Amino acid sequence: MKTRLLLTLLGVLAAGAVGLSGTAVAQGQGGGGGNGGGGGGGGGEAPDFGDLIILLRYDNGVPVPSPVVQVPDPETGELVSGGLCWQPIADVDFSYEDWEVPTTRVVFPTESTAVDGGWLIPVDQYTCGVEGAFSSYTREVEFGRTNEARSPASVFEAQLEDVIIKLATADSTSLDPAGRMVASNCVEVDEVIEITSTSTIDSPLQNLAAYRQLMLTGNIGADLPQGADWFITAARGLGVASDKGGAVNVDMVAYLNMLMGLDEAATFLPKLTESYREEVQGTIQLVQKSFLDYRAFGYDRGANFGALPSPAYIPEAAPVPGEFEYLAVVPGTDPPDFHIMEGPITTAVFEDVVFDEGNIGGFAQAADDTRAVINFMHDWPIPDADLYGTPVPCVPSDDILYDLAISEQSGLQVPKNYVNGGEREFFINVGNLGPDPANGTVTVVATGDEGSLGNWTFTFEDLPEGQTASFTGYFTIDTTSSEIAWSATVVADPPGTDPNLTNNTRDATSKVRASGGGGGH
């Protein structure tokens, strides 16, 4: 298999740990309702963190703060500084005169004001909460599958590890017509290439994990397929993670960054800052917020899909960049007849081939375009693709790579309780996650207060993908310790054939008794 330059996986995951978990972010005030985080006191009503709504934003995605105004303090009546609130927008016009609104602390035009994307909604400029009479006009962001952005950092790190291993252990990596990453393995038999496995990285969690890591460090820890740019890969990841029938917009991107803790973490992208008023522990305060800066991003729809899939493989006889295959109706047939159509991605999926824009708006559109192509491919799939579809390109390699693992649950089994000087046994199970057959050794070490109490080494050869090698070790130990610390480590032979070392070691403990029942595993 083709050897790739890999960052040390442990280092990659450690770098990713600077991101905060969604649950940690959710505890903050800070615009939880998408309206400046007002405390909802007085006449205003501020949505909680679950009500993330469409806002008036600058082109860079930063919410536009309302102007500073003088408003009466609801308790003393004295004029105090107000404003600097997040401004929600509605998608329909409405009439203020239909509502009885306390105007003493609310600043808004006498008529609903049209802005790009909607109509301004009245906001209490003291609390920064949406006036209750108008709360029904706010538009919540539909997250769908991307709601998994609320997952803790540990979940993302585990999912990222899966992505890295798929890419690192593949014979060939490619990009499909939507830009999804694909890992393929194959062999050559009688001068014919046979694909043994193809895995498209289309899990929402895995793509959110890749997006998160790219925003944190600018890489995912393995070479991206076909030398893809990290920025467009991040946008595609959000598109893959989103609902097929939904839409990715600027508000969704901005809120996902908040949910994943990227606004507060040390990120590869620089930050933009703005100050807003919000309630903090019962007091309205001025708080500075940070937002990822997407101004360096540029997106050209025609150029993007004109280079996909990568490498080109449609038509099979003479591949043309930007072409793919899909099910289509044969023109003029009634009842309709179907055939496999080959043609440009852009004209099949989009009404307008031309889109050329940057910043967070271009980023959101790039993500949504990925989603749109995936949705088209789901609506018009090749029937029995293994038989009638054109195979994804794959080039066999002579390199041998596999992922050895000792299961956290059952990989190392030792007695929970051990009677000092008694004869007992332990069990060690080593799995091969593939793709190639594995060779190696697994060593089990027992340690007490006095140092090493023994070690055992077992060897395995040609362990097939998906199979487990199991070993039993017998021991008699005399120790002055109250516990025996066990450690098992599996090592590939030759070194370097296992690129993922994070699952190669497991630990366990046995409590030592002077006499009595030895207990079970």
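A word on the ground rules. This is a predicted model, so local features need pLDDT of at least 70, side-chain atom pairs count only at pLDDT 80 or more, and totals for chains, interfaces and linings use all residues. Residues are numbered from 1 along each chain as its sequence is written, and side-chain values use heavy atoms, with hydrogens and water left out.

Disulfides, then. How many disulfides are there by the rule? A disulfide here is a pair of cysteine sulfur atoms within 2.5 Å. By that rule the count is two.

Take Cys-85 and Cys-128. Their sulfur atoms sit 1.9 Å apart. The angle about the S-S bond is -70°, and the link is left-handed. Now, where are the two ends? Cys-85 is in the loop between β3 (79-82) and β4 (89-90), and Cys-128 is in the loop between β8 (123-124) and β9 (130-131), so the bond ties together parts 43 residues apart in sequence. Those strand labels are DSSP runs, numbered from the N terminus: strands are E with at least two residues, helices H or I with at least four.

Buried or exposed? Cys-85 has 1% relative accessibility, so it counts as buried. Cys-128 is at 0%, and it counts as buried as well. Buried means under 20% relative accessible area, exposed means over 50%, and partly exposed is in between, with a 1.4 Å probe and protein chains only.

On to Cys-186 and Cys-394. Here the sulfur atoms are 2.2 Å apart. The torsion about the S-S bond is about -85°, so this disulfide is left-handed. Cys-186 lies in strand β11 (residues 181-189) and Cys-394 in the loop between α10 (385-388) and β19 (402-405), so this pair joins parts 208 residues apart in sequence. Both cysteines are buried. Count the bonded cysteines along the chain, and the pattern reads 1-2, 3-4.

Next, the strands. Look at β16, residues 323-329. Six of its seven residues are buried. β16 pairs with β17 (residues 338-344) in the antiparallel sense, over seven bridges. To pair, two strands need at least two bridges found by DSSP. One example: Leu-327 has Ile-340 in β17 as its bridge partner.

Last stop, Thr-370. It lies in helix α9, residues 359-379. Its relative accessibility is 0%, so Thr-370 counts as buried. Which residues does Thr-370 contact, leaving aside neighbours within four places in sequence? They are Ala-178, Arg-236, Gly-239, Val-240 and Phe-305. Contact means heavy atoms within 4.5 Å.
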